[in-house]
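I opened a new notebook page for this chain. Below are my entries, in the order in which I looked things up.

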Amino acid sequence: MNKELISDIVETILNGYDAYINDFKQITRRIPENFKNRDWQQLHANHRERLRLYKDQLKDIITTCKAMLKEQADSKEVWAKVRESYFQAIAENEDRELAGTFFNSVFRKVFPGKVIDEALMFYDLSGSNAMDSIDESLFRNYPAQVGLHEAFTKILEDFDFGVPYYQKENDINYLVESVKQVILSRYKATRETTTQVLRDVFYRNKAAYLIGRTYLGNKWMPFIIPFLHNEKGIFADTLIFDPNIMSGIFSYTRSYFMAPIAIPSQTVNFLQSVIQHKRPYELYNAIGFNKHGKTAFYKDFTNHLKQSEDNFILAEGIKGMVMTVFTLPSSNIVFKLIKDHFEPPKNMTRQQVKEKYKLVGLHDRVGRMADTHEFENFRFPLNRIDPLLMKELKTNVNSLLSIEGDTLVIKHLYIERRLRPLNLYLETCSLEEAKHAVDEYAKAILQMAQANIFPGDMMTKNFGVTRQNRVIFYDYDEIEFLHTMNFRAKPKPQTYDQIYASRPWYEVKENDVFPEDFKRFMIGRQDVKAYFIENNPELFDPEYWSGIQSKLRKGELIHAFPYTESMRFRPEETV
């Protein structure tokens, strides 16, 4: 076997990974300056550039490796040697798990058939993430002996954003009072009490987040401090102790953070101590390493299969016209497959649907759109596929299926967090729960609008309810950019023929939207429909929608707070 060829392939992949991670860090290092200058447009541009970076970097590496391997591209013997040599090269790297995922991406694109072969890929490669190996340089320590006021004074001095604080002393007093009310009302500080704050500042949209934990009451108590920057200066917006809100900040419904992370696996380990029920793959996603998040998810998924016995079944809810959706009841995810054929009125292609999902991946999800991961040639144990599901798959997505021995291989699918469909939730919940849900539904639609997303199909079956009772959009085949829509008031009929016309008597163009029509289909539950219409009048007002468009065209970016207005220290301050 040609040792020089093996060495050249390994060097090519390593150089590609090094170029990717260096560019990743370089783009990320621009963000503090964007925040300092309140340059939100450039911040979002940098975010999008970083999201595209991985795929862009892969293209040349794949082309080069194919040219070097030629007819040996499908040789498992060659790839086994490449993998062994590559592992030796990255074994001591602190980010070896990311380098392993990069290798996987190259292998799957170069080896014919886009196979998943665990013997030739890296799925168990962990980073330096043992708890006792976390380098103390990752965080700053603030012992309790200095006192609360002094500790927060030091924190605000240590985390200097390069511009003056708006009201630094007020910030300190707000933070101290929050700790007294929420923590010191239940626990007493001791000699062992200390506070640790990650040195890395986590940026997203118009906010910067400090992530920390305090050892108190014989346990670590996590907290997050969001900072905002408006024309008056920097200010602490609130202090968060609630684990559910912290989970929401790191949610799959929000854009990835931009943070200059030195050792990803150790940062993930620290974050897991702060947000304890998050899986590693979710946290890798949250900090921007979503490709490795896929690898970590696959490892999680295969482990779950070994530990469970239930069958894959069709997901609950009304069957979609574009997607076939199934799930494993013991897991919290769904698998979404684009159908071979769409029934009228759907007239799009499979590629157009893929483009819609790609759009969401690159866009600000503002806490209202579920993140997805795209997989090719995903493998399922055939004996775990429910017969009714198999019948549905063969009927609707047969072109995506192949059977290899005891394995069902699906050529292309998306995974997404499983949610309770809003239409089903409204069928069984109480009136008060329904009122909260429909208000959430309205907020979801309007917050997406403010992020320049028009859902298209706004039926409740396309929205889901999270365990925190937030309403999330998850069906993307009809989404459009809001600025491309034309919101109109319906013309008033003037004649008998117009009044009783069976179809619109006025011209309706492709992107015309008549918000007053939303009243007819948005909520089917009668005891809450009137409440919904009365409490969310802006949804049905074309001028309101046009007003959002006007702001978007002026370049305004509206910050979506991942916590309630009532939590803010200064709710009157905008950004």
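**Entry 1: H6 against H7**

I began with a pair of helices in this predicted model. On the H6 side I listed Leu148, His149, Phe152, Thr153, Leu156 and Glu157. They meet Lys168, Glu169, Asp171, Ile172, Asn173, Leu175, Val176, Val179 and Lys180 in H7. I then sorted the residues of this contact by kind: seven are nonpolar, three polar and five charged.

Next I looked up the geometry. H6 covers residues 148-158, and H7 covers residues 168-182. Their axes come within 9 Å. The crossing angle is roughly 130 degrees. Angles over 145 degrees would count as roughly antiparallel, and 65 to 115 as roughly perpendicular. H6 and H7 are therefore oblique to each other. I also noted the hand of the crossing: H6 passes H7 in a right-handed way.

**Entry 2: H15 against H19**

I turned to a second pair. H15 spans residues 431-450, and H19 spans residues 542-553. The two axes come within 9 Å and cross at roughly 35 degrees. From H15, the contact uses Ile445, Leu446, Ala449 and Gln450. From H19, I wrote down Tyr544, Trp545, Ile548 and Leu552. Sorted by kind, the residues of this contact are seven nonpolar, one polar and no charged.

**Entry 3: The whole chain**

I stepped back to view the chain. I found 19 helices and 19 strands. Along the principal axes, the C-alpha atoms fill a box of roughly 85 × 65 × 45 Å.

Which radius of gyration does the chain have, and what would a compact globule have? The chain has 26 Å. For 575 residues, a compact globule would come near 25 Å, so the chain agrees with that value.

I checked burial too. Buried residues make up 53% of the 575 residues. Then I turned to contacts between residues at least 6 apart in sequence. Of these, 70% join residues at least 24 apart.

**Entry 4: Glu392**

I picked out Glu392, which sits in helix H13 (residues 387-396). Is Glu392 buried or exposed? Its relative accessibility is 14%, so Glu392 counts as buried. The cut-off for buried is under 20%. I left aside neighbours within four places in sequence and looked for its other contacts. Glu392 touches Leu314, Lys319, Thr324 and Val397.

**Entry 5: Backbone details**

I looked for a cis peptide bond. One joins Pro344 and Pro345, with omega about 15 degrees. Pro345 belongs to the loop between strand E9 (333-338) and helix H12 (350-362).

Lys70 has a phi near 50 degrees, and it is not a glycine. Where is Lys70 found? It is in the loop between helix H3 (40-69) and helix H4 (76-90). Its relative accessible area is 60%, so Lys70 is exposed. The cut-off for exposed is over 50%.

Asn377 also has a positive phi, about 55 degrees, although it is not a glycine. I placed Asn377 in strand E10 (residues 372-381). With 14% relative accessibility, Asn377 counts as buried.

I put the two side by side to close the page. Lys70 lies in a loop and is exposed. Asn377 lies in a strand and is buried.

Conventions: Residues numbered from 1 in each chain as written. Predicted model: local features only at pLDDT ≥ 70, side-chain atom pairs only at ≥ 80, totals over all residues. Heavy atoms only, no water. Axes fitted to C-alpha atoms, helices over the stretch in contact; angles between N-to-C directions. Helix = DSSP H or I, 4+ residues; strand = E, 2+ residues; numbered from the N terminus. Parallel < 35°, antiparallel > 145°, perpendicular 65-115°, else oblique. Left-handed = near helix turned anticlockwise from the far one by under 90°. Contact = heavy atoms within 4.5 Å. Nonpolar A, V, L, I, M, F, W, Y, C, P; charged D, E, K, R; others polar. Rg over C-alpha atoms; globule rule 2.2 N^0.38 Å. Buried < 20%, exposed > 50% of the residue type's maximum accessible area, 1.4 Å probe, protein only.
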